Amino acid sequence: MVQLKRLDKPNLKIYNNKYCDIPLPALVLMPSQDSKPPAIADLRCDYRLKALLETEVNANPIQQFQLWFDQALQADLPEPNAMTLATVSADGRPSARIVLLKGVDPAGFVFYTNYQSRKGQELAATPWAALVFWWAELERQVRIEGRVSKVSDTETETYFDSRPRGSQLGAWASEQSQVICDRIVLEQRLQDLEQQYQDQSIPRPPHWGGYRLQPDLIEFWQGRPNRLHDRLCYQRQDQSWALQRLSP
Ligand SMILES: Cc1cc2nc3c(=O)[nH]c(=O)nc-3n(C[C@H](O)[C@H](O)[C@H](O)COP(=O)(O)O)c2cc1C
């Protein structure tokens, strides 16, 4: 795992990262006084674990994503499938939150939620969204954009049936994004549902299911020294992908 070692210089810490494939250790500049918390403006890292070159990436960005995701798994990162999902309301107001990636294949990126939630309503009005992964220990970001559609009932049901019973009941108990007067309301609903479905399998709520974002843009970002990061951006062109390097 990542370890921070203090060097002689009081304001310099060495970021000793096992994922480093460049012989230089990544240097993290930290504020000098131990007693005082750092000012936000002084927090910064100099990224130098890895590089990202056109010659090394897969021509297909979904396969490239799968490669980076496997590396995030092997690196034991906490919740590597947590991603920021940004949606837009009918009148153009953006909102973002974390959801969990539950599948990726050539057709796109799948997540599950409540169709009546704020994000569900926004996706009904504007079926376009963006996803962002940030894998700090690997100094990597992935940005994905595309059109969103609901997954089939069969696909949702297969996933719903695989969830722990508590999560299945939670999907019934929570009117996601609605105001509730007290937490006790949720606890009471859960208790009632436990009784209602005692010794029975729990059906999928009709308002709960999956979405698939079909990407038309995927950007891979690798942190580099002096803020000269690597950014490789794929854009869909009919049946193929065009790859371009973007300025950091
Ligand atoms: C690590 C993490 C994982 C989450 N995973 C999901 C998820 O897979 N699906 C979901 O609906 N909400 C998930 N949430 C909760 C959302 O961030 C959010 O609070 C909720 O979906 C309501 O969002 P909305 O009101 O914008 O629709 C997760 C939150 C965190 C912090």
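## Helix H1: extent

The expected span of a helix is taken as 1.5 Å times one less than its number of residues. In this predicted model, helix H1 covers residues 61-74, a run of 14 residues, and the distance from its first C-alpha to its last is 20 Å, close to the 20 Å expected at 1.5 Å a residue.

## Helix H1: buried and exposed sides

Five names make up the buried set of H1, namely Pro61, Gln64, Phe65, Trp68 and Ala72. Seen down the axis of H1, these buried residues fall within an arc of 100 degrees, so they line one face of the helix. On the other side of H1, the residues Gln63, Asp70, Leu73 and Gln74 are exposed.

The buried residues of H1 pack against a set of strands, which comprises E6 (103-105), E8 (128-135), E9 (140-150), E10 (208-222), E11 (230-237) and E12 (240-245). Just after H1, the backbone at aspartate 76 adopts a positive phi of about 60 degrees.

## The shell around the ligand

The ligand is surrounded by 16 residues, of which Arg97, Thr113, Ser117, Arg118 and Ser177 are the closest. Two or more residues of this shell come from each of strand E5 (94-100), strand E7 (108-114) and helix H2 (118-125), and E5 gives the most, with five residues.

Sorted by class, the shell around the ligand holds six nonpolar residues, six polar residues and four charged residues.

Notes. Residues are numbered from 1 along each chain as its sequence is written. This is a predicted model: local features need pLDDT of at least 70, side-chain atom pairs count only at pLDDT 80 or more; totals for chains, interfaces and linings use all residues. A residue is near a molecule or strand if its C-beta atom, placed from the backbone, lies within 6 Å of it. Helices (H or I, at least four residues) and strands (E, at least two) are DSSP runs, numbered from the N terminus. Ala, Val, Leu, Ile, Met, Phe, Trp, Tyr, Cys and Pro count as nonpolar, Asp, Glu, Lys and Arg as charged, and the others, Gly among them, as polar. A residue is buried if 20 or more other C-beta atoms lie within 10 Å of its own, exposed if 12 or fewer, and partly exposed in between; C-beta atoms are placed from the backbone. The arc is that of the directions from the helix axis to the C-beta atoms. Two residues are in contact if their C-beta atoms, placed from the backbone, lie within 7 Å.
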